[in-house]
Amino acid sequence: MNALGELVRLRAMEPSDAESLWQWNHDSDVMRWMNEGYPQTPARVRKWLDERPRNDYGDLLFGVEVLSDATLIGLVQLHGAKPETGIAVLDIYLGEKEYWGKGFATDAVRTACRYGFEKMRLHKITLTVVADNQAAHHVYQKVGFVEEGRLRETFRLGGRWHDTYTMGLLEGELR
C-alpha cells in the first residue's frame, strides 16, 4: 500500500523504522508544536511498531520517503475514519530537518489527502494546528485546508498557552 507524490512515497511504517521515529520524538525542534507524550526507549518504540495493528480504513500510518533515494524523513497518519461519516483526521511531521522548507511536507500532505479521497472515499479530512505554527499552517492552506474554528489556549509551550485552529478539507477542494 504505497502512495506516490511528486517528491515523496508514502509507505507502511515498519519495526525497522523505530530508531528514526525514536530520534524524531526526542528532538525538541521536531516536537516543538506537538504534544510529545512521554519518553520511550528505542526498544519500546520498536515493540509498538511491531505490535501495532495493521493499517486499515480507520487508522493508516505511513512513513514519508524521499522518492529519489528512499530516505525516511517523517510520517503521516489518517486516523479516526469511519465509513459512516467519511471523515478522517490527518497528522504529519517531518523528522529530518534538512528536508524542511523544501516542499516535502506539502507533497506528503497532498499525497495523503489524495489517497484519502480516492482510495478511502473520504468526504472530509480534518486537522488541528497551533496558531503560531506558521510553517504548518501555510502548508495546509496551500493544499486547500480552510480554517473552521479557533480553540482558545489549548496547547502549552514554554509555560505559555497557544490557540489552535481546526482546519478542514472537503473532497474536491484539494489543490
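**Notebook: strands, helices and aromatic pairs**

I began with strand S6 and found six of its seven residues buried, so S6 is largely enclosed by the rest of the structure. I took "buried" as under 20% relative accessible area, "exposed" as over 50% and "partly exposed" as in between, with a 1.4 Å probe and protein chains only. Helices (H or I, at least four residues) and strands (E, at least two) are DSSP runs, numbered from the N terminus.

I noted that this is a predicted model, in which local features need pLDDT of at least 70 and side-chain atom pairs count only at pLDDT 80 or more, while totals for chains, interfaces and linings use all residues. Residues are numbered from 1 along each chain as its sequence is written, and side-chain values use heavy atoms, with hydrogens and water left out.

**Entry on the neighbours of S6**

I looked up how S5 and S6 pair, and found the parallel sense over three bridges. Two strands pair if DSSP finds at least two bridges between them. Ala88 stands opposite Ile125 in S6. I then followed the chain from S5 through H3 to S6 and recorded this β-α-β crossover as right-handed. The term means that, with the strands pointing away from the viewer, the path from the first strand over the helix to the second runs clockwise. S6 and S8 run antiparallel and are joined by seven bridges; there, Val130 has Thr164 in S8 as its bridge partner.

**Entry on the whole sheet**

I wrote down the strand order of the open sheet, which has eight strands and mixed pairing: S1-S2-S3-S4-S5-S6-S8-S7. Its edge strands, S1 (3-4) and S7 (146-157), each pair on one side only. Strand S4 (residues 72-82) pairs with strand S5 (residues 87-94) in the antiparallel sense, over seven bridges. Leu75 stands opposite Tyr93 in S5. Helix H1 (residues 18-25) packs on the sheet and touches S4 and S5, with its direction at about 90 degrees to that of S4. I used contact to mean heavy atoms within 4.5 Å. Axes are lines fitted to C-alpha atoms, for helices over the stretch in contact, and angles run from 0 to 180 degrees between N-to-C directions. Helix H3 (residues 104-118) also packs on the sheet, and its direction makes about 160 degrees with that of S5.

**Entry on aromatic pairs**

I found five aromatic pairs in a search of the whole structure. Rings of Phe, Tyr and Trp (its six-membered ring) pair if their centres lie within 6.5 Å; planes under 30 degrees apart count as stacked, over 60 as edge-to-face and the rest as tilted. Trp24 and Tyr93 are edge-to-face, because their ring centres are 6.1 Å apart and their planes stand at 85 degrees. This pair links Trp24 in helix H1 with Tyr93 in strand S5, 69 residues apart. Trp24 counts as buried at 2% relative accessibility, and Tyr93 counts as buried at 12%. Tyr140 and Phe145 are also edge-to-face, at 5.9 Å centre to centre and 65 degrees between the planes. Both Tyr140 and Phe145 are buried.

**Entry on helix H4**

I listed the buried residues of helix H4 (residues 134-143) as Ala136, His137, Val139, Tyr140 and Val143. They cover an arc of only 160 degrees around the axis, which puts them on the same side of H4. The arc is that of the directions from the helix axis to the C-beta atoms. The buried residues pack against S5, H3, S6, S7 and S8. On the other side of H4, Gln134 and Ala135 are exposed.
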